[in-house]
Amino acid sequence: MVLELHVWGPAFSLPSIDAQCLATIAYLSLTVPKDQWVLVASSDPSVSPTCELPALKDDKTWVSRFRNIVDYLRQYSNGDWDLDQSLTGLEKADNIAFSAFLESRAQSLLDLSLYVTSQNYYNCTSPSYGAILQWPNQWILPPQIHTAAKARTEHLGLSSLDLEAIEEQRKRDHSAAVAAGQVPKNLIPRPRDSVSSLLGKNSQQNQFKLEALMAELFEPLEEILGGKQYFLHTSEAGLTSLDCLALGYLSLALVPEVPNSWLRDAMRSKAPQVTEYTERQRKEIFGVVEIDHALLPDGAKDSSSILPWQMPQRARLATLGSTLLNTIADSTPIWKDIRSHTRMKEVIEESESLSDAEKQHLSDFIRSRKLDVWLSVGSVVGGIAAFIGYMALTPSKRRQHNTFAHEDEDENAVEYDDEIPAQPLQALDFLAGLE
(Lines give C-alpha, C1' and ligand atoms only; values in the text may rest on other atoms or scores of the structure.)
Protein backbone atom coordinates (compact mmCIF):
# COMPACT_ATOMS: atom_id res chain seq x y z
CA MET A 1 0.00 0.00 0.00
CA VAL A 2 1.42 3.38 -1.07
CA LEU A 3 1.38 6.08 1.61
CA GLU A 4 -0.24 9.40 0.69
CA LEU A 5 1.07 12.61 2.21
CA HIS A 6 -1.47 15.42 1.85
CA VAL A 7 -0.05 18.93 2.25
CA TRP A 8 -0.65 22.57 1.50
CA GLY A 9 0.51 23.17 -2.07
CA PRO A 10 3.72 24.71 -3.38
CA ALA A 11 4.61 28.39 -3.15
CA PHE A 12 7.73 30.58 -3.24
CA SER A 13 9.64 27.83 -5.15
CA LEU A 14 9.08 25.52 -2.17
CA PRO A 15 6.96 22.34 -2.19
CA SER A 16 4.56 23.81 0.38
CA ILE A 17 3.46 27.14 1.82
CA ASP A 18 3.33 25.66 5.34
CA ALA A 19 6.33 25.00 7.59
CA GLN A 20 5.01 21.78 9.14
CA CYS A 21 4.22 20.43 5.68
CA LEU A 22 7.74 21.26 4.48
CA ALA A 23 9.24 19.48 7.49
CA THR A 24 7.12 16.39 6.84
CA ILE A 25 8.00 16.34 3.14
CA ALA A 26 11.68 16.50 4.06
CA TYR A 27 11.32 13.65 6.56
CA LEU A 28 9.56 11.30 4.13
CA SER A 29 12.05 12.18 1.39
CA LEU A 30 14.91 11.09 3.66
CA THR A 31 13.32 7.95 5.12
CA VAL A 32 10.64 6.40 2.89
CA PRO A 33 11.59 4.87 -0.48
CA LYS A 34 10.27 6.98 -3.35
CA ASP A 35 8.11 4.18 -4.75
CA GLN A 36 6.29 3.71 -1.44
CA TRP A 37 4.76 7.17 -1.01
CA VAL A 38 3.19 9.96 -3.03
CA LEU A 39 2.93 13.68 -2.34
CA VAL A 40 -0.52 15.22 -2.85
CA ALA A 41 -0.96 18.99 -2.78
CA SER A 42 -4.60 18.73 -1.78
CA SER A 43 -4.48 22.09 0.09
CA ASP A 44 -7.75 21.13 1.75
CA PRO A 45 -7.72 20.33 5.50
CA SER A 46 -11.13 18.67 5.22
CA VAL A 47 -9.58 15.63 3.51
CA SER A 48 -8.31 14.57 6.93
CA PRO A 49 -10.68 13.60 9.77
CA THR A 50 -8.81 16.01 12.04
CA CYS A 51 -9.08 18.84 9.47
CA GLU A 52 -5.32 19.43 9.64
CA LEU A 53 -2.43 19.37 7.19
CA PRO A 54 0.04 17.72 6.81
CA ALA A 55 -1.88 14.45 6.95
CA LEU A 56 -0.52 10.99 6.14
CA LYS A 57 -2.99 8.44 4.76
CA ASP A 58 -2.31 4.73 5.12
CA ASP A 59 -5.31 2.91 3.66
CA LYS A 60 -8.08 4.01 6.08
CA THR A 61 -5.73 5.38 8.73
CA TRP A 62 -5.03 9.12 8.93
CA VAL A 63 -2.25 10.76 10.95
CA SER A 64 -1.83 14.54 11.21
CA ARG A 65 1.00 16.87 12.26
CA PHE A 66 4.73 16.44 11.82
CA ARG A 67 5.60 14.82 15.16
CA ASN A 68 2.69 12.37 15.01
CA ILE A 69 3.64 11.34 11.48
CA VAL A 70 7.26 10.79 12.56
CA ASP A 71 6.10 8.50 15.37
CA TYR A 72 3.73 6.62 13.06
CA LEU A 73 6.44 5.98 10.45
CA ARG A 74 8.76 4.62 13.14
CA GLN A 75 6.10 2.13 14.28
CA TYR A 76 4.98 1.34 10.72
CA SER A 77 8.51 0.40 9.63
CA ASN A 78 9.60 -1.24 12.90
CA GLY A 79 12.23 1.44 13.33
CA ASP A 80 13.64 1.36 9.79
CA TRP A 81 12.22 4.78 8.86
CA ASP A 82 13.52 6.62 11.89
CA LEU A 83 16.07 9.41 11.58
CA ASP A 84 16.47 9.61 15.37
CA GLN A 85 17.27 5.95 16.04
CA SER A 86 21.01 6.60 16.52
CA LEU A 87 20.55 9.41 19.05
CA THR A 88 21.66 8.91 22.62
CA GLY A 89 19.38 9.71 25.54
CA LEU A 90 20.87 13.18 25.97
CA GLU A 91 20.69 13.87 22.24
CA LYS A 92 17.02 12.83 22.18
CA ALA A 93 16.32 15.28 25.00
CA ASP A 94 18.14 18.01 23.06
CA ASN A 95 16.17 17.08 19.95
CA ILE A 96 12.86 17.54 21.76
CA ALA A 97 13.93 20.79 23.46
CA PHE A 98 15.39 22.36 20.32
CA SER A 99 12.34 21.35 18.27
CA ALA A 100 9.95 22.96 20.75
CA PHE A 101 12.11 26.10 20.82
CA LEU A 102 12.21 26.30 17.03
CA GLU A 103 8.46 25.86 16.59
CA SER A 104 7.52 28.45 19.19
CA ARG A 105 9.93 31.16 18.02
CA ALA A 106 9.94 30.63 14.26
CA GLN A 107 6.16 30.36 13.85
CA SER A 108 5.63 33.83 15.33
CA LEU A 109 8.17 35.38 12.97
CA LEU A 110 6.66 33.63 9.95
CA ASP A 111 3.22 34.87 10.98
CA LEU A 112 4.53 38.42 11.23
CA SER A 113 6.42 38.24 7.94
CA LEU A 114 3.97 36.43 5.65
CA TYR A 115 0.58 37.34 7.16
CA VAL A 116 0.66 40.33 9.51
CA THR A 117 2.90 42.47 7.30
CA SER A 118 0.16 43.70 4.97
CA GLN A 119 2.29 44.35 1.89
CA ASN A 120 3.77 40.84 2.02
CA TYR A 121 0.40 39.19 2.57
CA TYR A 122 -1.57 40.95 -0.16
CA ASN A 123 1.23 40.95 -2.74
CA CYS A 124 2.64 37.44 -2.18
CA THR A 125 1.00 35.19 0.39
CA SER A 126 -2.64 35.67 -0.58
CA PRO A 127 -2.01 35.22 -4.35
CA SER A 128 0.01 32.08 -3.55
CA TYR A 129 -2.99 30.58 -1.74
CA GLY A 130 -5.23 31.55 -4.64
CA ALA A 131 -3.00 29.59 -7.04
CA ILE A 132 -3.18 26.31 -5.10
CA LEU A 133 -6.77 26.34 -3.78
CA GLN A 134 -9.90 25.19 -5.53
CA TRP A 135 -13.22 27.00 -5.44
CA PRO A 136 -14.70 27.94 -2.96
CA ASN A 137 -11.72 27.44 -0.63
CA GLN A 138 -9.75 30.13 -2.42
CA TRP A 139 -12.25 32.67 -1.03
CA ILE A 140 -12.78 31.03 2.37
CA LEU A 141 -9.47 29.69 3.69
CA PRO A 142 -7.00 32.60 3.14
CA PRO A 143 -8.99 35.07 5.31
CA GLN A 144 -9.29 32.42 8.03
CA ILE A 145 -5.55 31.69 7.98
CA HIS A 146 -4.79 35.42 7.93
CA THR A 147 -7.03 36.07 10.94
CA ALA A 148 -5.55 33.13 12.87
CA ALA A 149 -1.98 34.38 12.28
CA LYS A 150 -2.92 37.86 13.50
CA ALA A 151 -4.52 36.38 16.62
CA ARG A 152 -1.43 34.27 17.37
CA THR A 153 0.86 37.32 17.25
CA GLU A 154 -1.43 39.88 18.87
CA HIS A 155 0.34 39.55 22.23
CA LEU A 156 3.64 40.64 20.65
CA GLY A 157 2.41 44.22 20.22
CA LEU A 158 3.54 44.52 16.59
CA SER A 159 0.21 45.34 14.99
CA SER A 160 1.85 48.32 13.26
CA LEU A 161 3.00 45.85 10.60
CA ASP A 162 -0.67 45.44 9.68
CA LEU A 163 -1.19 48.54 7.53
CA GLU A 164 -4.74 47.49 6.69
CA ALA A 165 -5.78 47.52 10.35
CA ILE A 166 -4.10 50.89 10.84
CA GLU A 167 -5.92 52.33 7.82
CA GLU A 168 -9.26 51.00 9.05
CA GLN A 169 -8.68 52.50 12.50
CA ARG A 170 -7.72 55.82 10.91
CA LYS A 171 -10.93 55.81 8.86
CA ARG A 172 -12.99 55.12 11.99
CA ASP A 173 -11.27 57.95 13.86
CA HIS A 174 -11.76 60.35 10.96
CA SER A 175 -15.41 59.40 10.57
CA ALA A 176 -15.99 60.00 14.26
CA ALA A 177 -14.27 63.38 14.03
CA VAL A 178 -16.38 64.40 11.03
CA ALA A 179 -19.59 63.24 12.71
CA ALA A 180 -18.73 65.36 15.75
CA GLY A 181 -18.09 68.37 13.54
CA GLN A 182 -14.47 68.65 14.62
CA VAL A 183 -12.78 68.42 11.24
CA PRO A 184 -14.18 69.32 7.81
CA LYS A 185 -14.27 66.19 5.69
CA ASN A 186 -12.41 67.75 2.75
CA LEU A 187 -9.49 68.69 5.01
CA ILE A 188 -8.84 65.20 6.39
CA PRO A 189 -5.42 63.94 5.20
CA ARG A 190 -5.00 60.33 4.09
CA PRO A 191 -1.29 59.50 4.34
CA ARG A 192 0.02 56.20 3.07
CA ASP A 193 2.63 54.64 5.33
CA SER A 194 5.15 51.93 4.67
CA VAL A 195 6.33 49.40 7.20
CA SER A 196 9.68 51.17 7.61
CA SER A 197 8.05 54.55 8.23
CA LEU A 198 5.66 53.05 10.75
CA LEU A 199 8.48 51.37 12.61
CA GLY A 200 10.35 54.65 12.66
CA LYS A 201 7.36 56.58 13.99
CA ASN A 202 7.04 54.53 17.14
CA SER A 203 10.38 55.72 18.32
CA GLN A 204 12.29 52.49 17.87
CA GLN A 205 9.95 50.56 20.14
CA ASN A 206 8.62 48.28 17.41
CA GLN A 207 12.05 47.98 15.83
CA PHE A 208 13.51 46.87 19.14
CA LYS A 209 10.74 44.28 19.54
CA LEU A 210 11.38 42.82 16.10
CA GLU A 211 15.13 42.79 16.61
CA ALA A 212 14.70 41.01 19.94
CA LEU A 213 12.38 38.38 18.44
CA MET A 214 14.74 37.65 15.57
CA ALA A 215 17.78 37.55 17.84
CA GLU A 216 15.99 35.07 20.14
CA LEU A 217 15.65 32.69 17.20
CA PHE A 218 18.70 33.13 14.98
CA GLU A 219 21.47 33.58 17.54
CA PRO A 220 20.74 30.34 19.46
CA LEU A 221 20.37 28.43 16.18
CA GLU A 222 23.72 29.77 15.01
CA GLU A 223 25.26 28.61 18.29
CA ILE A 224 23.60 25.17 18.12
CA LEU A 225 24.86 24.61 14.58
CA GLY A 226 28.30 25.77 15.70
CA GLY A 227 30.18 24.87 12.52
CA LYS A 228 28.66 21.38 12.30
CA GLN A 229 27.13 20.04 9.12
CA TYR A 230 23.85 19.28 10.91
CA PHE A 231 22.24 20.51 14.10
CA LEU A 232 23.02 17.44 16.23
CA HIS A 233 25.61 15.47 14.21
CA THR A 234 28.52 16.14 11.89
CA SER A 235 28.47 12.95 9.80
CA GLU A 236 26.52 12.25 6.64
CA ALA A 237 24.14 10.03 8.61
CA GLY A 238 23.58 12.81 11.11
CA LEU A 239 20.28 14.12 9.74
CA THR A 240 17.56 14.02 12.40
CA SER A 241 13.93 15.09 12.71
CA LEU A 242 15.24 18.39 14.09
CA ASP A 243 16.99 19.08 10.78
CA CYS A 244 13.73 18.46 8.90
CA LEU A 245 11.80 20.75 11.22
CA ALA A 246 14.45 23.45 10.94
CA LEU A 247 14.42 23.19 7.14
CA GLY A 248 10.64 23.67 7.10
CA TYR A 249 10.63 26.86 9.15
CA LEU A 250 13.90 28.38 7.98
CA SER A 251 13.06 27.87 4.28
CA LEU A 252 9.95 30.03 4.65
CA ALA A 253 12.03 32.69 6.39
CA LEU A 254 14.76 32.75 3.76
CA VAL A 255 13.34 31.83 0.34
CA PRO A 256 10.14 33.90 -0.28
CA GLU A 257 10.68 37.02 -2.36
CA VAL A 258 8.49 39.50 -0.48
CA PRO A 259 8.32 43.32 -0.70
CA ASN A 260 9.41 43.77 2.94
CA SER A 261 12.15 41.21 3.47
CA TRP A 262 13.09 42.19 7.02
CA LEU A 263 13.04 38.56 8.20
CA ARG A 264 15.27 37.26 5.39
CA ASP A 265 17.70 40.15 5.81
CA ALA A 266 17.96 39.52 9.56
CA MET A 267 18.57 35.81 9.00
CA ARG A 268 21.40 36.49 6.58
CA SER A 269 23.07 39.03 8.85
CA LYS A 270 22.55 37.34 12.23
CA ALA A 271 22.96 33.68 11.21
CA PRO A 272 25.19 33.22 8.15
CA GLN A 273 25.91 29.55 8.97
CA VAL A 274 22.20 28.79 9.36
CA THR A 275 21.52 30.60 6.09
CA GLU A 276 24.11 28.51 4.22
CA TYR A 277 22.78 25.34 5.87
CA THR A 278 19.20 26.12 4.80
CA GLU A 279 20.17 26.84 1.20
CA ARG A 280 22.16 23.60 0.96
CA GLN A 281 19.51 21.36 2.47
CA ARG A 282 16.72 22.95 0.44
CA LYS A 283 18.45 22.22 -2.84
CA GLU A 284 19.42 18.66 -1.85
CA ILE A 285 16.06 17.59 -0.41
CA PHE A 286 13.46 19.60 -2.34
CA GLY A 287 15.28 20.22 -5.60
CA VAL A 288 13.54 22.33 -8.25
CA VAL A 289 9.90 22.98 -7.39
CA GLU A 290 7.26 24.42 -9.69
CA ILE A 291 3.55 24.65 -9.13
CA ASP A 292 2.93 22.65 -12.33
CA HIS A 293 4.64 19.64 -10.73
CA ALA A 294 1.89 19.41 -8.14
CA LEU A 295 -1.26 20.52 -9.95
CA LEU A 296 -0.98 19.44 -13.59
CA PRO A 297 -1.49 15.85 -14.85
CA ASP A 298 1.93 15.62 -16.49
CA GLY A 299 3.71 17.69 -13.88
CA ALA A 300 4.54 14.74 -11.65
CA LYS A 301 6.37 13.09 -14.55
CA ASP A 302 8.63 16.09 -15.03
CA SER A 303 12.25 14.94 -14.77
CA SER A 304 13.23 18.17 -12.99
CA SER A 305 11.21 17.19 -9.90
CA ILE A 306 12.72 14.81 -7.34
CA LEU A 307 9.53 14.59 -5.27
CA PRO A 308 6.84 11.94 -5.99
CA TRP A 309 4.00 14.32 -6.83
CA GLN A 310 0.50 13.06 -7.50
CA MET A 311 -2.17 15.35 -8.90
CA PRO A 312 -4.93 16.08 -6.34
CA GLN A 313 -8.47 15.05 -7.16
CA ARG A 314 -11.04 17.65 -8.08
CA ALA A 315 -13.45 18.42 -5.28
CA ARG A 316 -16.75 16.55 -5.50
CA LEU A 317 -20.12 18.24 -5.27
CA ALA A 318 -20.70 16.77 -1.80
CA THR A 319 -17.37 18.16 -0.63
CA LEU A 320 -18.19 21.62 -1.98
CA GLY A 321 -21.56 21.54 -0.24
CA SER A 322 -19.97 20.45 3.02
CA THR A 323 -17.40 23.25 2.79
CA LEU A 324 -20.06 25.89 2.23
CA LEU A 325 -22.21 24.49 5.04
CA ASN A 326 -19.30 24.47 7.48
CA THR A 327 -18.41 28.03 6.53
CA ILE A 328 -21.95 29.22 7.14
CA ALA A 329 -22.10 27.30 10.43
CA ASP A 330 -18.83 28.80 11.66
CA SER A 331 -20.12 32.28 10.81
CA THR A 332 -23.44 31.90 12.66
CA PRO A 333 -22.98 33.07 16.29
CA ILE A 334 -24.90 30.41 18.27
CA TRP A 335 -24.20 27.57 15.87
CA LYS A 336 -20.51 28.51 15.85
CA ASP A 337 -20.32 28.25 19.66
CA ILE A 338 -22.00 24.84 19.69
CA ARG A 339 -19.63 23.46 17.04
CA SER A 340 -16.63 24.94 18.86
CA HIS A 341 -17.63 23.28 22.14
CA THR A 342 -18.14 19.95 20.37
CA ARG A 343 -14.68 20.12 18.79
CA MET A 344 -13.09 21.05 22.11
CA LYS A 345 -14.74 18.06 23.78
CA GLU A 346 -13.42 15.71 21.07
CA VAL A 347 -9.89 17.08 21.45
CA ILE A 348 -10.02 16.64 25.23
CA GLU A 349 -11.27 13.07 24.98
CA GLU A 350 -8.56 12.13 22.47
CA SER A 351 -5.74 13.87 24.37
CA GLU A 352 -3.18 11.55 25.94
CA SER A 353 -1.40 14.25 27.95
CA LEU A 354 -4.36 14.97 30.25
CA SER A 355 -5.26 12.95 33.31
CA ASP A 356 -8.76 11.57 33.86
CA ALA A 357 -9.44 14.23 36.50
CA GLU A 358 -8.34 17.03 34.14
CA LYS A 359 -10.46 15.60 31.34
CA GLN A 360 -13.49 15.44 33.65
CA HIS A 361 -12.96 19.01 34.88
CA LEU A 362 -12.62 20.38 31.33
CA SER A 363 -15.61 18.35 30.14
CA ASP A 364 -17.76 19.76 32.97
CA PHE A 365 -16.65 23.28 32.05
CA ILE A 366 -17.53 22.76 28.39
CA ARG A 367 -20.87 21.22 29.38
CA SER A 368 -21.74 24.32 31.44
CA ARG A 369 -20.78 26.61 28.57
CA LYS A 370 -22.90 24.53 26.22
CA LEU A 371 -25.85 24.78 28.65
CA ASP A 372 -25.51 28.57 28.68
CA VAL A 373 -25.69 28.59 24.90
CA TRP A 374 -28.83 26.45 24.88
CA LEU A 375 -30.46 28.68 27.52
CA SER A 376 -29.79 31.67 25.27
CA VAL A 377 -31.31 29.78 22.37
CA GLY A 378 -34.37 28.94 24.47
CA SER A 379 -34.85 32.58 25.48
CA VAL A 380 -34.66 33.75 21.87
CA VAL A 381 -37.03 31.02 20.67
CA GLY A 382 -39.50 31.80 23.48
CA GLY A 383 -39.52 35.50 22.62
CA ILE A 384 -40.06 34.78 18.94
CA ALA A 385 -42.85 32.29 19.75
CA ALA A 386 -44.63 34.85 21.93
CA PHE A 387 -44.45 37.46 19.20
CA ILE A 388 -45.71 35.03 16.56
CA GLY A 389 -48.51 33.95 18.90
CA TYR A 390 -49.69 37.51 19.33
CA MET A 391 -49.51 38.18 15.60
CA ALA A 392 -51.46 34.95 14.98
CA LEU A 393 -54.53 36.29 16.83
CA THR A 394 -57.52 36.90 14.56
CA PRO A 395 -58.12 40.55 13.69
CA SER A 396 -61.47 40.52 15.60
CA LYS A 397 -59.72 39.36 18.80
CA ARG A 398 -57.08 42.06 18.47
CA ARG A 399 -59.80 44.71 17.93
CA GLN A 400 -61.72 43.39 20.94
CA HIS A 401 -58.59 43.52 23.04
CA ASN A 402 -57.88 47.09 21.94
CA THR A 403 -61.55 48.12 22.59
CA PHE A 404 -61.39 46.87 26.17
CA ALA A 405 -58.18 48.78 26.67
CA HIS A 406 -59.72 52.04 25.38
CA GLU A 407 -62.87 51.64 27.56
CA ASP A 408 -60.70 51.25 30.64
CA GLU A 409 -58.81 54.39 29.71
CA ASP A 410 -62.12 56.36 29.26
CA GLU A 411 -63.48 55.27 32.66
CA ASN A 412 -60.34 56.35 34.38
CA ALA A 413 -60.42 59.67 32.57
CA VAL A 414 -64.07 60.36 33.70
CA GLU A 415 -63.33 59.55 37.30
CA TYR A 416 -60.32 61.81 37.20
CA ASP A 417 -62.31 64.70 35.66
CA ASP A 418 -64.96 64.58 38.49
CA GLU A 419 -62.32 65.28 41.06
CA ILE A 420 -61.12 68.47 39.29
CA PRO A 421 -63.21 71.69 39.57
CA ALA A 422 -64.76 72.91 36.36
CA GLN A 423 -63.26 76.39 36.86
CA PRO A 424 -59.98 77.11 38.52
CA LEU A 425 -60.16 78.86 41.91
CA GLN A 426 -59.55 82.61 41.55
CA ALA A 427 -57.47 84.64 44.04
CA LEU A 428 -60.38 87.10 44.77
CA ASP A 429 -62.76 84.27 45.55
CA PHE A 430 -60.26 82.84 47.96
CA LEU A 431 -59.87 86.19 49.80
CA ALA A 432 -63.64 86.70 49.92
CA GLY A 433 -64.04 83.37 51.58
CA LEU A 434 -61.63 84.39 54.30
CA GLU A 435 -63.71 87.51 55.13
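Which residues line the largest cavity? The model is predicted, so local features need pLDDT of at least 70 and side-chain atom pairs count only at pLDDT 80 or more, while totals for chains, interfaces and linings use all residues. Residues are numbered from 1 along each chain as its sequence is written, and side-chain values use heavy atoms, with hydrogens and water left out.

The lining of the largest cavity consists of Ser113, Leu114, Leu252, Ala253, Leu254, Pro256, Val258, Ser261, Leu263 and Arg264. A cavity here is a set of points, on a 1 Å grid over the protein atoms alone, where a 1.4 Å probe fits but cannot get out; lining residues have an atom within 4 Å of a point. The volume of the largest cavity is about 50 Å³, a volume being the space filled by probe spheres set on the points, which are joined across faces, edges and corners. Helix H3 (89-116), H9 and H10 are the elements that give two or more residues to this lining. H9 provides the largest share, 3 residues. Helices (H or I, at least four residues) and strands (E, at least two) are DSSP runs, numbered from the N terminus. By class, the lining has 7 nonpolar, 2 polar and 1 charged residues. Ala, Val, Leu, Ile, Met, Phe, Trp, Tyr, Cys and Pro count as nonpolar, Asp, Glu, Lys and Arg as charged, and the others, Gly among them, as polar.

The count comes to 2 cavities of 30 Å³ or more.

Next come two of the helices. The axes of H9 (residues 241-254) and H10 (residues 262-270) come within 7 Å and cross at roughly 115°. Axes are lines fitted to C-alpha atoms, for helices over the stretch in contact, and angles run from 0 to 180 degrees between N-to-C directions. H9 and H10 are therefore roughly perpendicular to each other, a term for angles of 65 to 115 degrees. Leu250, Ala253 and Leu254 of H9 make the contact with Leu263, Arg264, Met267 and Arg268 of H10, where contact means heavy atoms within 4.5 Å.

The strands remain. S1 (residues 3-6) and S3 (residues 55-58) pair in the antiparallel sense over 3 bridges; strands pair if DSSP finds at least two bridges between them. His6 has Ala55 in S3 as its bridge partner. S3 also pairs with S4 (residues 61-64), in the antiparallel sense over 4 bridges, and Asp58 stands opposite Thr61 in S4.

Definitions and conventions
Angles under 35 degrees count as roughly parallel, over 145 as roughly antiparallel, 65 to 115 as roughly perpendicular and the rest as oblique. On a 1 Å grid over the protein atoms alone, a cavity is a set of points where a 1.4 Å probe fits but cannot get out, and a pocket is an open set with protein on both sides within 12 Å along at least five of seven lines; lining residues have an atom within 4 Å of a point.
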